[in-house]
Amino acid sequence: MTLFLQFLLSGIMLGGIYGLIAVGLVLIVKGTQVFNFAHGDMAAAGAYFFWWMLVKVQLNAGLSIAGVVIGAGLLALLLERFILRPMIGKPLLSAIMVTMGVGQILAGLVTLFWPGPGRTFPDILPSGTIHLGAVALSVESLTSFIICVVVLVGFYFLFQHTDIGLAMRGTAEDHQLAQSGGIQVTRIFAICWFIGILLSAIGGILIANLHQLDRIAVSGFILKTFAVVIFGGMESITGAVIAGVIVGVLEMLGSGYLDPLVDGGLAEVIPFIVLLLILIVRPHGLFGYVRIERV
Amino acid sequence: MSRRPCGTFDTRYELDIAVFRTPFHWSMFGLLMIGYLGLFPLLANDGYLAIANLISITLIATLGINFLTGYCGQISLGHAIFVACGGYISAVLMNHLGWSWWATLPVSVAGTALIGLFFGLPSLRIKGFYIAMSTLASYFIISWLLMHGGAITGSINGLPVDVPRIGAYEIVSQRQFYYLIAGFLILSLFVAKSIARGRLGRVFIAIRDDDMAAEVMGINVFAYKLIAFALCSAYAGLAGSLFATYWGFITFNHFPFFENIMYLGYVIIGGMGSIVGSIFGVLFLKLLGYGVMMFGPMIGQAFPAISGSVVASLLLIGHGAVIVVFLIFEPRGLFHRWEIIKASMRIWPFTY
């Protein structure tokens with residue numbers, strides 16, 4: 001039972017990060033109708049950029065975060081204007097491939113500037129262990145979880161209670177209607193990309209802080225988030241958070257109990273098994289729109 | 001010249017459906033074959049032959065994904081894993097059951113087709129983006145199985161693969177492999193062109209353009225999507241089996257996630273739904289890659305600060321940038337350019 005609670009708790013902690021990254025993906029899908037396959041590389045680039053400013057330029061954590069925010073904003077503006085805007089109205093494959101191409105460019109830039117093996121992150125979060133009865137919980141992952149929750153709550157407030165959030169929700173409903181209602185849709189696109197990239201970069205920093213700063217590891221982690229997005233339903237932000245926690249718990253329970261039986265490494269594959277099952281059983285996910293189209 | 005001058009009419013149905021329609025076509029085809037099978041392997045050294053061999057194997061695999069994504073419109077984000085499956089089936093049968101490579105080849109092709117069929121099953125309920133997601137899941141699930149297969153798949157170390165033998169004759173050198181792979185490539189191209197021109201190809205195009213309209217016309221869309229998945233994987237299996245025996249051993253490191261994106265890139269840059277386009281796409285991206293590998297170290301010497309990973313990073317940046325630029329400026333791919341060049345040659349010296 002202790003073991004179960006332990007896995008459950010670490011699953012929830014993991015799920016917080018999944019939720020954070022998945023919300024960024026969902027926001028981009030909702031706002032711009034593009035699924036961002038470059039999310040993993042954006043997270044890795046963000047984490048490396050943060051590490052570079054923190055360790056090499058020797059800024060403090062706050063200024064480094066400010067740098068990441070500015071970088072995310074610039075990247076979002078460039079992406080929206082020069083790469084995604086020509087893709088409006090193009091077939092699905094073009095939109096998918098263009099984000100993949102962007103991802104490869106970012107991955108190449110990361111390898112160009114920060115070659116070689118992964119980096120160790122300096123301790124930016126408090127470390128230590130809390131014991132809740134028999135269950136141990138590292139302060140680092142708890143702090144990460146709290147950061148995720150705070151960011152998500154802030155995002156929820158932005159999305160539900162501000163004018164810009166209203167414009168974003170309107171754009172998500174219908175581009176043309178939003179435009180005729182006086183919303184500048186291209187600007188909303190850029191904002192969606194900005195917030196999405198920022199969330200992915202924060203997620204990347206948290207992952208790199210918990211494990212190790214490595215491009216392949218970070219982008220691999222984020223590929224697993226795709227399962228969360230589908231599970232929660234492509235258009236649902238609540239769904240993304242709930243599914244993040246569920247997938248995190250499943251991953252921890254599955255790998256915790258079954259890893260000794262097989263060769264290990266189940267954590268890498270459980271989200272994808274969930275993804276495949278969801279696609280077969282309930283393709284629209286927990287809270288996605290059901291589009292009835294039988295072929 | 002490459003098109004027929006006006007006033008030349010088909011008098012028999014065979015002429016109407018011929019691939020090569022004029023003596024000019026035949027002579028160009030003959031020259032190409034002489035160059036491909038005669039001059040190039042005679043003149044090239046082992047380095048160039050190795051490049052040609054790897055390009056040819058990639059091209060065989062790309063013909064497969066061209067059917068699934070280019071003709072049938074189902075996006076596959078897991079093509080590399082089916083190539084891996086083909087290679088692993090050959091390797092496992094040869095290592096554990098002692099089969100010869102030739103005996104494993106049909107099993108590998110059929111087995112990979114079945115695996116592809118299985119992972120195509122979600123297409124009963126889902127389409128478009130969700131199919132891409134299910135193939136992505138299949139990539140990670142199969143790759144986990146291959147990595148954790150214990151002694152059967154050799155886990156991380158992979159498996160050694162023997163060379164093909166015909167009686168006592170062994171295919172070992174680059175030149176011998178060149179002819180083996182060229183034979184399979186020509187066969188694959190012939191089969192692919194025949195399928196694409198036939199009923200099956202037309203059905204695939206109908207499904208790609210509008211699956212509901214296809215269903216209304218009496219096409220069993222689900223069955224044909226499954227056929228497309230099987231066909232795609234069968235080509236991947238052939239390519240994987242060839243790759244395993246050519247490379248001499250197989251590990252999972254040959255099939256990183258990056259390869260999936262590359263296969264889609266070949267199809268898009270060449271031009272979706274065109275066999276010639278696949279050839280162009282593979283040649284263009286692969287030669288770009290080899291060019292970067294050749295000139296990358298020079299750039300590294302010029303800028304010592306970044307020399308550590310200049311080739312790896314330039315490969316990634318180059319491929320990504322080419323894909324993005326093509327999608328923005330020439331979404332119909334190199335094949336479309338080729339058609340424009342042919343058309344302008346036909347009406348030369350006039351502009352229209």
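Reader: What makes up the largest nonpolar core, and which residues have the most contacts inside it?

Author: The largest nonpolar core holds 199 residues, and A47(A) and L275(A) have the most contacts inside it. A nonpolar core is a set of buried Ala, Val, Leu, Ile, Met, Phe, Trp, Tyr and Cys residues joined through C-beta atoms within 7 Å. A residue is buried if 20 or more other C-beta atoms lie within 10 Å of its own, exposed if 12 or fewer, and partly exposed in between, with C-beta atoms placed from the backbone. The model is a predicted one, in which local features need pLDDT of at least 70 and side-chain atom pairs count only at pLDDT 80 or more, while totals for chains, interfaces and linings use all residues. Residues are numbered from 1 along each chain as its sequence is written, and chains are lettered from A and ligands numbered from 1 in the order in which they are written.

Reader: What does A47(A) touch?

Author: Leaving out residues up to four places away in sequence, A47(A) touches A201(A), G204(A), I205(A), A208(A), L213(A) and V218(A). Contact here is by C-beta atoms, placed from the backbone, that lie within 7 Å.

Reader: How do you know how long helix α9 of chain A should be?

Author: The expected span is 1.5 Å times one less than the number of residues. For the 18 residues of α9 (residues 215–232) of chain A this gives 26 Å, and the end C-alpha atoms are 26 Å apart, so the two agree. Why is α9(A) called mostly covered? Of its 18 residues, 14 are buried. Just after α9(A), G233(A) takes a positive phi of about 100 degrees.

Reader: What makes chain A count as compact?

Author: The radius of gyration is taken over C-alpha atoms, and the globule rule is 2.2 Å times the number of residues to the power 0.38. Chain A has 19 Å, close to the 19 Å that the rule gives for 295 residues, so chain A is as compact as a globular protein of that length. Its C-alpha trace spans about 60 × 50 × 35 Å along the principal axes, and buried residues make up 49% of the 295 residues. Chain A has 11 helices and two strands.

Reader: How does chain B agree with the globule rule?

Author: A compact globule of 352 residues would have a radius of gyration near 20 Å, and chain B has 21 Å, which agrees. Chain B has 14 helices and four strands, and 45% of its 352 residues count as buried.

Reader: How is chain B divided?

Author: Chain B has domain 1 (50–255) and domain 2 (258–352), with bounds from an automatic or database domain assignment. Their centres, taken over C-alpha atoms, are separated by 23 Å. The contact takes 23 residues from domain 1 of chain B and 16 residues from domain 2 of chain B.

Reader: How many residues join the two chains, and what are they like?

Author: In chain B, 42 residues are in contact with 37 residues of chain A. α13(B) gives the most to the side of chain B that touches chain A, with 13 residues. That side divides into 29 nonpolar, nine polar and four charged residues. Ala, Val, Leu, Ile, Met, Phe, Trp, Tyr, Cys and Pro count as nonpolar, Asp, Glu, Lys and Arg as charged, and the others, Gly among them, as polar.
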